[in-house]
Amino acid sequence: MTNSVDWSTKSIIDKREQYYAASQRAFVPYQKPLIIKKGQMQYVWDENGNKLIDMLGMNLCISVGHCHPKVVEAVTAQVQELTHCTTMFYHPVPAHLAEELAATMPKGHEWVVHFTNSGTEAIDLAMMMARRATRNHDILALRYSYHGATYGAQSVTSVPGFRHNVSQVPNVSFVAEPNQYRGLYGAGTTPYLNAIDDTIASQTSGELAAMIIESVQGYGGIIQMPEGYLKGAAEKVRAAGGLLILDEVQSGFGKTGDAMWCFDHHGVVPDIMVIAKGLGNGIPIGAVVVKKEVADTMDGKLLFHTYGANPVSCSAARAVLQVIKEDDLINNVATVGTALHEGLKQLQSRYPIIGDVRGRGFMQAIELVKDRETKEPATDQTAFVFERTREHGLIVSKTGPHKNILRMVPPLCLQMEDVQPVLDALDRSFADLEKANLA
Ligand code: PMP
């Protein structure tokens, strides 16, 4: 027996309006809500059967593809045998996954894993581990970072709109993000590394617990860390007694087309890595992957997530890791991502409103500006184009502190034959803007 579901558009909207709390109701990107009924690999269908290319991967949760058959098979098999095994008891699946995740990390260190239910929880845990391991309190984070919504994670989050008017967890200082397009110090690496020194000297005790960085800032608008930045930041933070926490929730799992983790091509090794979203391909799971000596400092106290290390989520995650390897998805991201990026650059040459095209692999962004010289954000125009992309069959995201960035982070299975339809849809959306005389 299954519960009946009313798929009529009005009823879905009305029920959500009436029964969701304001805090959960607020995040609605489109003027007319988008209802999603079905997904298959890189595509989704709305309740009326309209097909869209999911260039957002359901907020990056879908890594290897909607309802990927191998993930579905793994999850189904596990659900039929045992849906949950609390970490008080033993089960082999999470332990296998921990071993497999540890194997993805740089050699020369012993890595261990703590599974959580979400990325936010994993961030909280990473902050706590760093404070516990170093016995220091001060944490640095970057401006326009997004690390999550809980008290802890929110306190290191700086994307406007996600910080509530409540007291935040103390001992957090923000450092200028090395945004090469419109950062506080222009392009380059050194001024942003100097900003770390300056912040340590002027806003902290001088003794750090950690610096937390997204290897590519996601909600901040696909801000890549320039060459040498992560390495330089790690040196400075470690010199002040702190650890490097890398948030690979968005940039991990081959999303940048380089390696499994984005930090791999920066020549840096984190002390703590946080992952979530794509790990479960839509089945909730998060994890902290951490150097054993750091994690060991938490020994002796309990830290228990009821659903952490759930065997169903862990089965999904094991299948994800297997599919990424077997289907050679990281190479797919590199090839298809390059074609997508080149196509976006061509659009930029035809539409003056596109001030910047940036990204690597399947983390791509288009930044809209009123004037390429002044770089004044074209917020209203971005909203217009964003609405049109949906009408032309794409799901993208509108992001950044000025909401003038279109972000594309599709599942790793996006194919070469999808690139032209994506570019055509964007082209039509920008042409609509010009026709409406809004460009
Ligand atoms: N870090 C980053 C970079 C994220 O994008 C997110 C989620 N958007 C989180 C952490 C928090 O993860 P979750 O929503 O699973 O709690």
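**Exercise 1. Two crossing helices, α13 and α14**

Determine in which hand α13 passes α14 in this predicted model, and how the two helices are oriented to each other.

Solution. Begin with the crossing itself, in which α13 passes α14 in a right-handed manner. Next, locate the partners: helix α13 covers residues 379-391 and helix α14 covers residues 416-435, and their axes, which come within 9 Å, cross at roughly 135 degrees. Finally, classify the angle: a value over 145 degrees would count as roughly antiparallel and 65 to 115 as roughly perpendicular, with the rest oblique, and α13 and α14 are therefore oblique to each other.

**Exercise 2. A second pair, α4 and α11**

Work out how α4 is oriented relative to α11, and state the hand of their crossing.

Solution. Take helix α4 (residues 69-81) and helix α11 (residues 311-326), whose axes come within 8 Å and cross at roughly 155 degrees. Because angles over 145 degrees count as roughly antiparallel, α4 is roughly antiparallel to α11. The crossing of these two helices, α4 and α11, is right-handed.

**Exercise 3. The surroundings of the ligand**

Solution. Then turn to individual atoms: an N or O atom in the side chain of Thr120 lies 2.4 Å from a ligand oxygen, while for Gln250 the corresponding distance to a ligand oxygen is 2.8 Å. A nitrogen atom of the ligand is 2.8 Å from a side-chain N or O atom of Lys277.

Conventions:
Residues numbered from 1 in each chain as written. Predicted model: local features only at pLDDT ≥ 70, side-chain atom pairs only at ≥ 80, totals over all residues. Heavy atoms only, no water. Polar contact = N/O pair within 3.5 Å; in protein donor to acceptor, adjacent residues only side chain to side chain. Axes fitted to C-alpha atoms, helices over the stretch in contact; angles between N-to-C directions. Helix = DSSP H or I, 4+ residues; strand = E, 2+ residues; numbered from the N terminus. Parallel < 35°, antiparallel > 145°, perpendicular 65-115°, else oblique. Left-handed = near helix turned anticlockwise from the far one by under 90°.
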